[in-house]
Amino acid sequence: MTSTDTALQSALDRERAHHEHCRTVLAAMVEGAQEHVVTGEDVSASGADAEVLGYRLRSRAKEMRELPPGPLFFGRLDFAEAEAGAEGEEEADKEEEAEREGQESERALYIGRLRITEHPAAPPLVVDWRAPVSRAFYQATAGDPRGVAVRRRFGWAPGSRGESADLTGMEDEHLGRGESRASAIVAREIERPRVGPMRDIAATIQPEQDDLVRAGLGTTVCVQGAPGTGKTAVGLHRAAYLLYTHPQRIQRGGLLILGPNPTFLSYIAEVLPALGESGVRQSTLAREIARHPVTRTDDARTAALKHDARTAEVLRRALYARVDPGAAGDLTVPDGSYRWRVPADALARVVADVRREQPPYTVGRERVRARIVRYVQERAERRAGPRTNAWLRRVERARPVGAALDAVWPRVRPEEVLAPLLADPAELARAADGVLDEEEQRALLWTGRAPRSWKSARWSAADLVLLDEVAGLLEHPEGYGHVVVDEAQDLSPMECRAIARRSAFGSLTVLGDLAQGTTPWAARSWPAVLAHLGRPDAAVVPLTTGFRVPQKVVGLANRLLARLDVDVPPARSLRGDGELTLREVAPGAVPEAVVAVVRHALAREGSVGVVAADPDVSGLRAALDAAGVAAAGPAELGARVAVVPASLVKGLEYDHVVAVEPAAIVAAEGPGGRGLHRLYVVLTRAVSRLDVVHARPLPF
């Protein structure tokens, strides 16, 4: 063994010893957090303070218990002087915990997914990757070392029993000397075979990704991300960063992750817990707005009309057509033996004034009630002096007041607005006049026998979007402090409005790729999406450098990109490896060829995704089963082989993708559909190898 090898082995031994010490300390931290929950630490707290403290202790203990096994740190920074302290002080508005980490100097700082310390006042053994001082790990370069003398990255292998991780290597960049190089450890981590759920990228975040992750809480960011650029990971890591940096504000307002479908949510479900964050709501928009089960299916034209932004104006008109300032006549309010009169013209003025103020419908109704009471109160006090609160409540609840209110500003449910609109041509014509033409109005109407009332109505998925719009006109829904929206290019204008209502007082992280838009209403430009989301001035940041999809696959996808009606720059890849094979077979021989390709793929590491047009999936799965090849569906994330409908593959990734009959994938979207966009999604799911099996001519 050479002296260099001896020195390296000695350094590895020291780092292993530090890791074992960190693991021991973390175990004590977990035990201590649990003890705090059990004993109710800090008996000086009382009432609401004690409740908040208890919630935080329970949350912290739960997060620490649920951390998956794995390395406790992935990097180390050696600072030339005391710049670590300066780095932390520059961001003094961060959490006190982060400040303590930033002030640590005169020693190496280890960077990991969780802060580990022997006691609160002690220097940290591991610094959280989100702390201000950790930013140098991602941003420092030879040209701008940010005070870093050496950046060290660690290579890890899974432990023998899955309980721990083994340190297998490390590499140093001497940035203080102006030395920098591409990291083989980062490349291996990015290219590591993928079986199971999505992994976090805390160890491999690139500088341009880090800028987006650390954007401020009040900033809405839109990421136009080409395939393999890590846009989903960026959104999830930004969520983790905001939870760490602004815990109290996020807990008050909440944080919502919106994905396109449950399969995608299952795929990303383990990322935030791996970063030490649990309890974040991850959902789909359909789940968020589900007032009723979907029992009706709209045709494509009707669904597109219901998702059109113009329907918002139709719904607004239909709702406020119920407000009638002159419907009540004179109002007489009993007060013991006395009667107070509110003339019809005074009541009409109250209603008209409130209408001009444009409050939410339910707020407006109560505002009219309050002003009726004030009108009566002013006259009563001129006659007999100040009125008591009990007197005010009696007037508010007086039957004549309620009856007048129901006449001029009736109470209404969203279903009571929408059902007549979709069932009655005359009512729809009144609300849609000048907004929708006659043909469009006919397309919106329910077909078949109209329901007797909204209670017996059958609702489509698009109807639920309309119901949510009406509900938002009635009163503001519960909002979130921050919302992460993935695959946002597929949102309709009306769906964007539903999200905007839930983030009216918060911010957004909008993620997507216009080239991957596959819904009939998919966006062709981000400014239009952002306008419907209520953020017209938000910046659009392109990510074009891919770290996942190999160059050969990206080259093929870029050939198809030129045929898509979107203005996005071609992607480029840093992955020079990878394989691309186009296999033309005889008609009828496609299933047999797919079986052969899958068998060959199984001889190598990693996951295999067989992606085909939705109608062809069952046949391919049967062919694999008949050949003795076990294949799962897309929801079974740990399977080696998955057969996935093209409609569900968006956002997923596999080491080896077998794209079956591209022409069928395109044709499945129908004439004038977005089949080429769907195919673009399919081709870019491969991490290492792509096989295209086809009998029909290729559409690219």
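Select helix 15 and helix 16 in this predicted model; helix 15 passes helix 16 in a right-handed crossing. Helix 15 covers residues 344-357 and helix 16 covers residues 361-384. Their axes lie 10 Å apart and the packing angle is about 140°, which makes helix 15 oblique to helix 16.

Next, display the side chains at this contact. On helix 15, select Ala346, Leu347, Val350, Val351, Asp353, Val354 and Glu357; on helix 16, select Gly364, Arg367, Val368, Arg371, Ile372 and Tyr375. Coloured by class, the contact of helix 15 with helix 16 shows 8 nonpolar, 1 polar and 4 charged residues.

Proceed to a second pair, helix 26 (residues 590-601) and helix 27 (residues 617-626). The axes of these helices come within 9 Å and cross at roughly 60°, so helix 26 is oblique to helix 27. The crossing of helix 26 and helix 27 is right-handed. Select Pro591, Val594, Val595 and Val598 in helix 26, which meet Leu620, Ala623 and Leu624 in helix 27. The residues of this contact comprise 7 nonpolar, no polar and no charged.

Finally, select histidine 656, which is found in strand 21 (residues 654-660). Is this histidine 656 buried or exposed? Histidine 656 has a relative accessible area of 2% and is therefore buried. Show the side chain of arginine 689 as well: the side chain of histidine 656 makes a polar contact with it at 3.1 Å. Apart from neighbours within four places in sequence, the residues in contact with histidine 656 are Val597, Ala601, Ser607, Val608, Gly609, Arg689 and Asp691.

Key: Residues numbered from 1 in each chain as written. Predicted model: local features only at pLDDT ≥ 70, side-chain atom pairs only at ≥ 80, totals over all residues. Heavy atoms only, no water. Axes fitted to C-alpha atoms, helices over the stretch in contact; angles between N-to-C directions. Helix = DSSP H or I, 4+ residues; strand = E, 2+ residues; numbered from the N terminus. Parallel < 35°, antiparallel > 145°, perpendicular 65-115°, else oblique. Left-handed = near helix turned anticlockwise from the far one by under 90°. Contact = heavy atoms within 4.5 Å. Nonpolar A, V, L, I, M, F, W, Y, C, P; charged D, E, K, R; others polar. Buried < 20%, exposed > 50% of the residue type's maximum accessible area, 1.4 Å probe, protein only. Polar contact = N/O pair within 3.5 Å; in protein donor to acceptor, adjacent residues only side chain to side chain.
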